[in-house]
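Subject: Structure handover

Hello,

Here is the structure for you to look over. My notes follow below it.

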Amino acid sequence: MAPPPRDSWGSRLGVILAVAGSAVGLGNFIRFPGQAAQFGGGAFMIAYAISFLIIGLPIGWAEWAMGRYAGQRGYHSAAGVFHCLIPWRGSKYIGVIGAIIPLVIFMYYVVIEAWTLGYTVRFVRAFFDPALRFQTVADSQAYFGRFVGSAADGSALRLDLDSLLPWLAVVVVINLVLIYRGISAGIQKVCEIGMPVLLVLSLLVLARVLTLGTPDPAFPERNVSTGLGYMWNPGKTLVVGEDGGTIAEVVDADMVRQRERAEAMAAATPGARVERRTMLSQLADPDLWLAAAGQIFFSLSVGFGVILVYASYVGPRDDIVLSGLTASATNEFCEVALGGLITLPAAVAFLGVAGVAGQGTFGLGFNVLPMVFSAMPAGSLFGAMFFLVLFIAAITSSLSMLQPGIALLEEALGIGRKGSVGLLGTLTALGTGFVAWFSRDLKALDTLDFWVGTFLIFVLAMIQIVLFGWAFGIERGWEELHRGGAIRLPRFFRPIFRYVCPGFLVTIFVLWFLENVVGLGRTEPSSYVADLFEKGEPVAWLCIGVVLVVSVGLAVTIASSKRYADDEA
Amino acid sequence: MQPAGLLVMAVSVGAVMTLFLWCVWQVLTRPSGEVEELPDDHRRS
């Protein structure tokens with residue numbers, strides 16, 4: 001059977017913006033600052049930079065090279081890429097993981113995308129009606145709970161502007177319409193408009209945040225400088241309890257005053273003491289390395305199967321080394337220079353370090369920041385801008401998650417875009433409905449994010465880097481990377497591709513697995529494992545069921561594909 | 001914010017900004033290289 005008509009990128013800048021758009025997401029603006037501050041600020045940045053060089057860039061480049069290589073030979077799905085690269089009948093069934101991951105992630109990611117759209121509109125409404133501004137963190141926390149339906153299953157599916165349902169319907173329709181328009185007229189167009197808008201809006205919000213100073217003179221320690229210190233200071237002064245647990249972190253521009261404040265706080269708490277952690281002592285903590293590598297890994301969207309598919313539409317003249325580096329650099333710019341300077345300084349300026357420490361990604365993004373933006377001058381405007389930035393970041397990512405599935409259906413079944421979008425639209429709408437309905441404690445979203453958005457991504461990334469360095473072969477991979485290239489990689493990247501990156505990734509994965517799945521070092525097993533095997537939580541098992549249905553469906557699609565069968569004949 | 005924190009921030013933000021701007025400059029100004037021939041058979045090679 002002849003390959004289906006080939007879609008392609010309209011320009012080199014287009015594919016770069018699309019890959020960057022896929023990588024830039026909520027994690028850049030919310031997760032990164034929280035992780036960096038929690039794991040030692042400046043010390044975290046050292047581990048983060050090393051992880052960028054030996055994990056982020058190499059896996060990304062490997063995906064670009066293998067994707068383009070297979071794309072030039074008519075394969076555009078992850079299963080097709082594996083089928084093209086490995087002369088073994090089972091390879092396409094391993095490659096199908098690259099379609100399962102983005103498809104399942106899409107099912108819950110659009111729910112979060114709908115939150116960001118709902119919050120954007122809420123701040124626009126608050127601009128005209130001040131009564132809609134959030135007065136306290138408890139206020140915004142209660143609103144978030146109602147909006148997402150965390151109290152009871154099905155409670156988010158109400159037809160009003162302050163609940164998930166209308167926004168979810170809008171974002172699902174937008175995503176399907178845009179993906180139907182194709183690579184160049186859909187994904188590329190959105191990213192070409194969306195990414196510059198995202199950068200400009202982020203810079204405006206950044207300018208607002210950095211000029212906040214000390215918003216409340218009654219709390220002189222709550223200011224932007226303290227927020228920046230909390231994020232970036234390489235050493236930490238902690239007040240710890242008898243059990244070694246951190247009670248509070250003290251941040252002050254003056255080291256002597258910082259020590260005095262910490263000692264005063266420790267003196268007021270029975271059994272507490274002051275502990276000073278230097279940059280070197282923090283770097284000796286394996287959790288810091290795990291957090292930094294994990295952040296790089298998920299932030300760059302490597303291991304999703306998305307870059308593999310996007311790169312398959314790149315032409316032979318394109319410089320994929322430079323394109324990959326530029327997409328990664330754009331992501332890093334948004335994460336470090338924007339996310340690292342906006343989120344925590346704004347939050348600390350209004351709530352102090354104590355009000356921000358320990359907040360998770362959603363807590364910081366949807367409980368703390370809405371109140372913070374409500375409290376600042378012109379806050380409704382800047383709040384709307386900030387959540388619009390998150391929405392743009394989210395939609396450029398969610399679009400990228402649909403394309404791998406579309407590519408697989410088109411390639412395996414030989415059906416056109418209309419048929420593949422229709423099939424995939426039905427499947428993802430059902431999956432999204434499942435996540436939206438089982439909203440109590442965000443159980444479905446959280447479970448799918450753990451097993452697919454974390455565990456399976458680790459697995460696929462390891463398979464891909466081993467495939468590149470060992471099966472595809474470093475010689476062929478190196479040649480493909482530099483085909484049409486204007487810049488060349490230094491030769492020291494060759495051993496990094498072959499030994500350092502896989503070794504580091506396996507180490508990180510084993511540590512992560514032992515800590516988060518086996519529960520090593522904990523008094524009880526991981527909650528995700530307990531949900532399945534101890535509590536027998538029905539929603540957790542239904543999530544596994546969803547993943548299995550998608551996996552079997554895609555595997556059957558591949559097995560019934562005449563094209564793959566013809567190739568193997 | 002302490003001087004060491006300021007230094008870390010300046011180096012980190014400066015590094016990603018420089019990398020980002022250098023990449024954008026390269027993309028806008030440098031043409032891609034020449035196309036090379038694709039090998040005939042890929043899958044069974």
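The model is predicted.

Start with a loop. Asp153(A) sits between helix 7 (137-148) and helix 8 (164-180) of chain A, in the loop that joins them. Which residues does Asp153(A) contact, once its neighbours within four places in sequence are left aside? They are Trp437(A), Phe438(A), Ser439(A) and Arg440(A). The C-alpha atoms of Asp153(A) and Phe438(A) are 4.8 Å apart, yet 285 residues separate the two along the chain. Is Asp153(A) buried, exposed or partly exposed? A residue needs 20 or more other C-beta atoms within 10 Å to count as buried, and 12 or fewer to count as exposed. Asp153(A) has 17, so it is partly exposed.

Chain A overall

Chain A has 24 helices and 3 strands. The C-alpha trace spans about 80 × 55 × 50 Å along its principal axes. Of the 569 residues in chain A, 55% are buried. Take the contacts in chain A with a separation of 6 or more: 79% of them join residues 24 or more positions apart.

The sheet

The 3 strands of chain A form an open sheet with the order 2-1-3 and antiparallel pairing. Strand 2 (246-250) and strand 3 (273-277) of chain A are at the edges. Each has a single partner strand, so one side of each lacks a neighbour in the sheet. On average, neighbouring strands of this sheet are turned by 30° against each other, direction ignored.

Now the pairings. Strand 1 (residues 236-240) of chain A pairs with strand 3 of chain A over 5 bridges, in the antiparallel sense. Lys236(A) has Arg277(A) of strand 3 of chain A opposite it. Strand 1 and strand 2 of chain A also run antiparallel, joined by 4 bridges. There, Val239(A) has Ala248(A) of strand 2 of chain A as its bridge partner. The hairpin of strand 1 and strand 2 of chain A has 5 residues between the strands. Gly244(A) in that hairpin takes a positive phi near 85°.

Which helix lies across the sheet strands? Helix 11 (residues 255-267) of chain A lies across strand 1, strand 2 and strand 3 of chain A. Helix 11 of chain A runs at about 10° to strand 1 of chain A.

A buried helix

Look next at helix 4 (residues 78-85) of chain A. Here 8 of the 8 residues are buried, so helix 4 of chain A is largely enclosed by the rest of the structure. The buried residues are Ala78(A), Ala79(A), Gly80(A), Val81(A), Phe82(A), His83(A), Cys84(A) and Leu85(A).

Helix 3 of chain A packs against helix 4 of chain A as follows. Their axes come within 9 Å and cross at roughly 80°. Angles of 65 to 115 degrees count as roughly perpendicular, and helix 3 and helix 4 of chain A are therefore roughly perpendicular to each other. Helix 3 of chain A contributes Met66(A), Gly67(A) and Ala70(A) to the contact. Helix 4 of chain A contributes Gly80(A), Val81(A), Cys84(A) and Leu85(A). The residues of this contact divide into 5 nonpolar, 2 polar and no charged.

Chain B has 1 helix and 0 strands. Of its 45 residues, 20% count as buried.

Best wishes

How values were computed: Residues numbered from 1 in each chain as written. Chains lettered and ligands numbered in written order. Predicted model: local features only at pLDDT ≥ 70, side-chain atom pairs only at ≥ 80, totals over all residues. Helix = DSSP H or I, 4+ residues; strand = E, 2+ residues; numbered from the N terminus. Contact = placed C-beta atoms within 7 Å. Pairing = 2+ DSSP bridges. Axes fitted to C-alpha atoms, helices over the stretch in contact; angles between N-to-C directions. Parallel < 35°, antiparallel > 145°, perpendicular 65-115°, else oblique. Nonpolar A, V, L, I, M, F, W, Y, C, P; charged D, E, K, R; others polar.
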